[in-house]
Amino acid sequence: MLTTLKNAWNIVEVRKKIIFTLLMFVVFRLAAHIPVPGISKDALGELFSADIWSLVDTFSGGALKTFTVCAMGIMPYINASIIMNLLTICIPYFENLAKEGVEGRKKMATITRYGAIILAFIQAIGMTIYIRGALENPSLFSCLVVVMTMTAGTCFLMWLGELITEHGIGNGISLIIFIGIVAKLPSDLNTIVTSLQGGQTNIITVILFAILAVLIIAGVVFIQEAQRRIPVQYTKRMVGRRMYGGQGTHIPIKVNQTGVIPIIFAMSILMLPAYIAGLFPTNGVARFISGMFSTGSWFYMFMYVLLIIFFTYFYTAVTFNCREIAENMQKNGGFIPGLRPGKPTSEYLDRVLTRITLAGAIFLAAIAVLPFLASKFSGLDIYFGGTSLLIVVGVALDTMKQLDAQVMERQYSGFMK
């Protein structure tokens, strides 16, 4: 990794992209400290003291509990992207757009942006209703200012992410989430130090927690890179005067095919009951529901695991079409050794995918509940755990691969000259 960074820094074009990306990070962190106007900070601290907001605050880099313009983060855009992916499978119009190449993807990106703005506006209305007690002047105009400010903050982050993707290194949206999570790390370290000084925990617990974090990182790297390679052979065929085919290749099936999407889906669904119950704090049924769906409850963790496993299988089935892959292989003269092309190949791929997805689903569920279990048994009130590490390590690996690819591209370009 250090060698890649050194080689990248020695190339002028790549160095400019790295510097641009770092400057955009600074802009993002500055924006994350601009407060929403008309909010009382004292009342705000009490509203976001519940456990359900701790994990969300981690993704926004601490902007939620301070209620800055970046409080909602980039999550509306991510949700819009997920919805667009699902619509691509369900609705023929979006499926045709996906097959139109560059122009189709541009149209889909535009629709995704508008969808993100609509979702951000709806989410901002809900957040404004939730924090109405913290408004210094709870008039309709003040509420509208808060809603528009938060929506504009999400739009700004969306634009910033696209700038990084176009002129910087890596995927801009992923890197904004990455920086938001990493920015919360000093606060978590301060929580550990405070717990040690106050006697709430001991040094042995902290050391064990650090060892667990290292093991989680190693596990995330292993699972992220792990894949099952299905061998594929192509028959020789004459096209004009040339002979094509005859070579062997493979189909890589990753153990973690879906990334963190199942976790985001499960988290969004489980947050909804607690969020609605929080709007009625004096109601007995609402308090019961809020307790059941609290992030520290065993019921929450049980439902969390079930939903993660379900959405892992669901999203894998949506993104990896075994039948389509088998048909494309057959059209191009490809086959898996020992299997007939067509339906037998499709059934074999489906069987392999089902088994390997189970391992990926169990891994995601274990990683997701580890921070809750660690906080429950260690007494450390920190949420920089499995989900955060999965995102941080995944984005870091992907960015380093893209950086290495750009370095190799410049080296080959220089060789060709």
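1. Salt bridges. A search of the whole structure, which is a predicted model, finds two salt bridges. A salt bridge here is a side-chain nitrogen of Lys or Arg within 4 Å of a carboxyl oxygen of Asp or Glu. Side chains of opposite charge can pair when their charged atoms come close.

2. Arg113 and Glu162. These two residues form a salt bridge, and their closest N and O atoms are 2.6 Å apart. The pair links distant parts of the chain, with Arg113 in helix H7 and Glu162 in helix H8, 49 residues apart. Helices (H or I, at least four residues) and strands (E, at least two) are DSSP runs, numbered from the N terminus. Arg113 is partly exposed because its relative accessible area is 30%; Glu162, at 25%, is partly exposed too. The classes are buried for under 20% relative accessible area, exposed for over 50%, and partly exposed in between (1.4 Å probe, protein chains only).

3. Arg323 and Glu327. Their side chains meet in a salt bridge of 3.4 Å, N to O. Both residues lie in helix H15 (residues 322-331), four residues apart, which is about one turn of the helix. Arg323 has 59% relative accessibility and so counts as exposed, while Glu327 has 34% and counts as partly exposed.

4. Basis of the model. Residues are numbered from 1 along each chain as its sequence is written, and side-chain values use heavy atoms, with hydrogens and water left out. As this is a predicted model, local features need pLDDT of at least 70 and side-chain atom pairs count only at pLDDT 80 or more, whereas totals for chains, interfaces and linings use all residues.

5. Confidence. The mean pLDDT of the protein chain is 78, and 84% of its residues reach 70 or more. pLDDT is the predictor's confidence in each residue, from 0 to 100. Among the elements of the chain, H8 has the highest mean pLDDT (89) and strand E2 (residues 237-239) the lowest (59).

6. Largest pocket. The volume of the largest pocket is about 1,400 Å³. On a 1 Å grid over the protein atoms alone, a cavity is a set of points where a 1.4 Å probe fits but cannot get out, and a pocket is an open set with protein on both sides within 12 Å along at least five of seven lines; lining residues have an atom within 4 Å of a point. Grid points are joined across faces, edges and corners, and a volume is the space filled by probe spheres set on the points.

7. Pocket lining. The largest pocket is lined by 41 residues, of which Ile78, Asn171, Ile173, Ser174 and Ile261 are the closest to its centre. Elements that give two or more residues to this lining include helix H5 (75-90), helix H9 (172-183), helix H12 (261-278) and helix H17 (386-416). By class, the lining holds 19 nonpolar, 15 polar and seven charged residues. Ala, Val, Leu, Ile, Met, Phe, Trp, Tyr, Cys and Pro count as nonpolar, Asp, Glu, Lys and Arg as charged, and the others, Gly among them, as polar.

8. Sheet. Three strands make an open sheet in the order E4-E1-E5, with antiparallel pairing. Strand E4 (248-254) and strand E5 (334-335) are the edge strands, each pairing on one side only. Two strands pair if DSSP finds at least two bridges between them. E1 and E4 pair over seven bridges, and Gln233 has Gly248 in E4 as its bridge partner. Strand E1 (residues 227-234) is joined to E5 by two bridges, and Tyr234 stands opposite Gly334 in E5.

9. Ile230. This residue is in strand E1 and counts as buried because its relative accessibility is 1%. Its C-alpha atom is separated by 9.5 Å from that of Pro337, 107 residues away along the chain.

10. Ala274 lies in helix H12 and is buried, with a relative accessible area of 3%. Ala274 and Arg287 are 13 residues apart in sequence, and 8.9 Å apart from C-alpha to C-alpha. Ile89, in helix H5, is partly exposed, with a relative accessible area of 46%. Between Ile89 and Val318 there are 6.9 Å in space, C-alpha to C-alpha, though they are 229 residues apart in sequence.
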